[in-house]
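Biologist: I am new to this structure and would like to go through it with you. Could we take it topic by topic?

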Amino acid sequence: MAELTRVGTGRRRWLMLGLAMAAQATTCMYLYGIAYLLPELRTAFDVTLAEASVLVVAPGVGLMTTLILWGAVADRYGERLAMSIGLGGAGLLVAAVPLVGSVTAVGILLMAAGAAGAAVNTASGRIILGWFPADRRGVAMGARQMALPIGLALAA
């Protein structure tokens, strides 16, 4: 099993925090930003508001179903590997969305992207625990949590 990274010092821990924030903001863009596309989704797929809303929640459903699994992956193999695989997979899945024509396929891709992106939620929190001493984790966690509104603002 991969042990938590030793508490980092100096600039490297801030670099790791910056990477965690960037990853968190990126996943927030599609996890929570799909709602901004609701009018376009309705038009593109000729669906009702309720049907389009299923697409909006699909990434969140995927996220909820895999958070614990990704936590186990991060514990066993390390947070950097888990975050890299999860974020890379999510990116590929989101990139595939415009290539499919069916609303069902879009929903499946968005759910799978949410499931892959859950790695970022677990691994970026683990980065804080591993790279920051206990008396600095609150500040680091607060900074990481800023990525959510940043991701939403970028999505908007």
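Predicted model: local features only at pLDDT ≥ 70, side-chain atom pairs only at ≥ 80, totals over all residues.

Biologist: Where does Q24 lie?

Modeller: Q24 is part of helix α1.

Biologist: And with which residues is Q24 in contact, leaving aside its neighbours within four places in sequence?

Modeller: With those neighbours set aside, Q24 touches V120, N121, S124, R144 and A147.

Biologist: What about T27: buried or exposed?

Modeller: T27 is buried, at a relative accessible area of 0%. Helix α1, residues 10–31, holds T27. Beyond the neighbours within four places in sequence, the contacts of T27 are L87, G117, V120 and N121.

Biologist: Which residues of α1 are buried?

Modeller: The buried residues of α1 are R13, M16, L17, A20, M21, A23, Q24, A25, T27, C28, Y30 and L31. In general, an α-helix has 3.6 residues a turn, so residues three or four places apart point the same way.

Biologist: How accessible is L19?

Modeller: L19 has a relative accessibility of 47%, so it counts as partly exposed. L19 also lies in helix α1. From L19 to I108 the C-alpha distance is 28 Å, and the two are 89 residues apart in sequence.

Biologist: What span should α1 have, and how far apart are its end C-alpha atoms?

Modeller: At 1.5 Å a residue, the 22 residues of α1 should span 32 Å, and the end C-alpha atoms are 32 Å apart, which agrees. The expected value takes 1.5 Å times one less than the number of residues.

Biologist: How many aromatic pairs does a search of the whole structure find?

Modeller: The search finds one aromatic pair. It is made by W14 and F132, whose ring centres are 5.0 Å apart and whose planes are at 80°, so the pair is edge-to-face. The cut-off for edge-to-face is an angle over 60 degrees.

Biologist: Why does this pair tie together parts that are 118 residues apart in sequence?

Modeller: Because W14 lies in helix α1 while F132 lies in the loop between α5 and α6. W14 counts as partly exposed because its relative accessibility is 42%. F132, at 0% relative accessibility, counts as buried.

Biologist: Changing topic, how many salt bridges does a search of the whole structure find?

Modeller: Two salt bridges are found. In one, the side chains of R126 and D75 meet at 3.1 Å, N to O. R126 lies in helix α5 and D75 in helix α3, so this pair ties together parts that are 51 residues apart in sequence.

Biologist: With which residue does E79 form a salt bridge?

Modeller: E79 forms a salt bridge with R126, with 2.4 Å between the closest N and O atoms. This pair links distant parts of the chain, as E79 is in helix α4 and R126 in helix α5, 47 residues apart. Through shared partners, the salt bridges join D75, E79 and R126 into one network.

Biologist: Which of these three count as buried, and which as partly exposed?

Modeller: R126 counts as buried at 10% relative accessibility, and E79 is buried at 2%. D75, at 40%, counts as partly exposed.

Biologist: One last topic: what is phi of D46 near?

Modeller: Phi of D46 is near 50°, a positive value in a residue other than glycine. In general, most residues other than glycine have a negative phi. D46 is placed in the loop between α2 (38–45) and α3. With a relative accessible area of 70%, D46 is exposed.

Key
Residues numbered from 1 in each chain as written. Heavy atoms only, no water. Helix = DSSP H or I, 4+ residues; strand = E, 2+ residues; numbered from the N terminus. Buried < 20%, exposed > 50% of the residue type's maximum accessible area, 1.4 Å probe, protein only. Contact = heavy atoms within 4.5 Å. Phe/Tyr/Trp six-rings, centres within 6.5 Å; stacked < 30°, edge-to-face > 60°. Salt bridge = Lys/Arg side-chain N within 4 Å of Asp/Glu carboxyl O.
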